[in-house]
Amino acid sequence: MNLNKIIISSASLLFIIIAACKSVETSSIDPDISIADISYNGTIKQIINSNCIVCHSGKRPSGNLYLTNYENVVNAVKTRDLVKRINNEADPMPTTGLIEKEERLAIQHWAENGFQLEITDAEKALNTIDTTSTAFVAPDLQAINIDVEGFDFLEKMQGHWVGKIHLLGRDIPWFAFDFRAINSSQVHGLFEGGSMGNLFNTFFVAEYKGEKTIMLRNGGILGGIYRTSYFVLTEVDNNEYVFVDAYGGKQIMWVKISFTKDTMKMLTYTSKMGLKSPSKHIEFEGKREHQDLANDAAAKYNFPSKEVVKKFPTGMPLQDWGEAYPIVTSASYMMENENFDYALLGEMAGDPIQISDIKNIASLQLKFKRKDLSADKNIQVYLSRVPLTNKDGSFKSVYGYIEQTVMDEVLLFPEIDYRDQEFTLTYLHQGKCYITFVVDNNEDMVPSSGDYYSVSKELNLSGASVLKVDNITKTIQ
């Protein structure tokens with residue numbers, strides 16, 4: 001397969017390309033373009049793909065609203081109050097906050113002037129890409145040498161972290177990360193909350209430009225787009241560790257993780273691959289609730305060690321984004337195709353680490369018959385250290401809500417769309433856990449009175465497993 005000939009959708013590409021290649025920080029609207037010269041192909045498409053496409057594309061777009069092409073956007077303006085929605089300060093779209101005023105005005109005036117489709121001459125003149133004179137200059141990143149400092153990060157990171165998170169502009173009062181060793185020099189965590197993208201963070205010992213250091217691989221599938229991004233450790237200050245984009249550096253995106261006794265704080269900043277100045281994307285703060293699973297994994301794999309997992313002797317190999325989009329700003333690898341599985345998307349994206357390269361993880365394929373109380377309902381999947389139900393089959397709840405101490409035993413909590421008959425969880429930790437299915441009837445994002453559920457089932461995950469689900473038959477009292 002010639003991966004360079006695979007066509008990556010404009011949805012995923014335009015999301016990561018610097019606007020008109022003018023600078024790393026720029027608005028999508030050029031001040032020299034008049035209102036009458038704004039078209040979908042020349043201006044509006046770039047705005048939508050830079051701000052909206054991650055949530056409003058793929059098999060399961062947010063709010064069942066597609067914004068992937070001209071017809072979608074025109075329909076959203078005419079029938080879904082798109083212009084009003086993007087100007088709503090109290091409940092903005094995107095949820096991270098209002099997009100730039102110039103961009104909102106451009107969409108409004110474009111609609112008022114008849115939804116021009118084809119690029120105008122004025123836009124053509126201003127948006128011509130000259131790669132001979134304009135290019136992204138990547139910084140010369142200096143990785144931390146873990147023979148000198150920073151190696152203690154791996155041991156500090158392991159554990160079951162439970163706390164609160166600020167995500168995409170919203171405050172979520174409960175969230176969890178489950179970080180455990182999967183070999184002697186890699187600590188891995190799959191995290192999911194109300195989504196189904198097999199989202200993960202994995203920290204590993206690497207050789208980066210001749211320096212033995214720690215790198216972060218982050219990714220999953222959101223909005224139907226496969227993406228992995230690589231970060232390298234560049235700053236260490238006592239209990240604070242900073243990882244920056246392994247190609248574009250801190251100006252593209254970065255992660256800061258700090259520890260205070262049994263508390264961990266994680267901050268992530270992103271610039272939408274250089275479209276804007278980096279802004280806060282995630283803020284998590286939690287306490288280490290349980291250490292036994294992490295301790296068992298550490299003992300099993302003789303963790304931590306300085307054995308190199310992956311070598312990048314000259315830095316990161318860069319994905320070819322195509323002739324139309326020649327400027328690469330990030331060590332990120334993306335691909336969109338709803339008909340291909342996770343492994344094939346990773347291959348097509350040119351990801352330096354494929355899922356098949358990662359040992360000591362498990363997968364679980366869930367098959368839903370949908371003949372129980374889950375028919376036409378979203379299903380929350382809870383993987384936990386202990387069962388969420390009692391021996392008599394009743395749910396462990398108090399005053400109509402799951403007991404807090406029981407909730408704090410949850411390791412992973414994806415949500416399955418009501419239209420899906422099956423879904424495969426990947427990147428799972430091996431070993432014993434319990435699985436419970438809940439239909440959140442009152443949509444309060446927590447098991448509570450009136451929700452449907454299944455009796456917790458013990459699993460022993462290893463390799464690839466299949467579980468048929470037809471037992472969501474009970475109601476939380």
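Q: Asp-351 and Arg-217: buried or exposed?
A: Both Asp-351 and Arg-217 are buried, where buried means under 20% relative accessible area, exposed over 50% and partly exposed in between, with a 1.4 Å probe and protein chains only.

Q: What does Asp-351 form with Arg-217?
A: A salt bridge, with the closest N and O atoms 2.9 Å apart. The term stands for a side-chain nitrogen of Lys or Arg within 4 Å of a carboxyl oxygen of Asp or Glu.

Q: Where do Asp-351 and Arg-217 lie?
A: Asp-351 is in the loop between α9 and β13 (361-368) and Arg-217 is in strand β5, so the pair ties together parts 134 residues apart in sequence. Helices (H or I, at least four residues) and strands (E, at least two) are DSSP runs, numbered from the N terminus.

Q: What sort of model is this?
A: A predicted one: local features need pLDDT of at least 70, side-chain atom pairs count only at pLDDT 80 or more, and totals for chains, interfaces and linings use all residues. Residues are numbered from 1 along each chain as its sequence is written, and side-chain values use heavy atoms, with hydrogens and water left out.

Q: How many salt bridges are there in the whole structure?
A: The search finds 13. One of them joins Asp-147 to Lys-306, with the closest N and O atoms 3.2 Å apart. That pair links distant parts of the chain, 159 residues apart: Asp-147 is in the loop between α6 (121-127) and α7 (152-157), Lys-306 in the loop between α8 (292-301) and β11 (310-312). Lys-306 is partly exposed, at 29% relative accessible area.

Q: What about Arg-85, which residue does it pair with?
A: Asp-91, in a salt bridge with the closest N and O atoms 3.7 Å apart. Arg-85 is partly exposed at 26% relative accessible area, and Asp-91 is partly exposed at 39%.

Q: Back to α9. Which of its residues are buried?
A: In helix α9 (residues 342-349) they are Tyr-342, Leu-345, Gly-346, Met-348 and Ala-349. Seen down the axis, they fall within an arc of 165 degrees, so they line one face of the helix. The arc is that of the directions from the helix axis to the C-beta atoms.

Q: What covers them?
A: The cover includes β4 (200-208), β5 (211-222), β6 (225-237), β12 (332-336) and β19 (422-429). After α9 comes Gly-350, with a positive phi near 75 degrees.

Q: Switching to strands. How does β8 run against β9?
A: Antiparallel: eight bridges join β8 (residues 249-260) to β9 (residues 263-270). Two strands count as paired if DSSP finds at least two bridges between them. The hairpin has two residues between the strands, and Lys-261 takes a positive phi near 55 degrees.

Q: Which residue stands opposite Tyr-269?
A: Trp-254 does. On the β10 side, the bridge partner of Tyr-269 is Lys-280; β9 and β10 (residues 279-290) are antiparallel and joined by eight bridges.

Q: Last topic, the nonpolar core. How many residues has the largest?
A: It has 56 residues, and those with the most contacts inside it are Phe-153, Leu-154, Met-157, Phe-203, Phe-243 and Ile-257. A nonpolar core is a set of buried Ala, Val, Leu, Ile, Met, Phe, Trp, Tyr and Cys residues joined through side-chain atoms within 4.5 Å.

Q: What does Phe-243 contact, beyond its neighbours within four places in sequence?
A: Its contacts (heavy atoms within 4.5 Å) include Phe-153, Phe-203, Trp-254 and Val-255.
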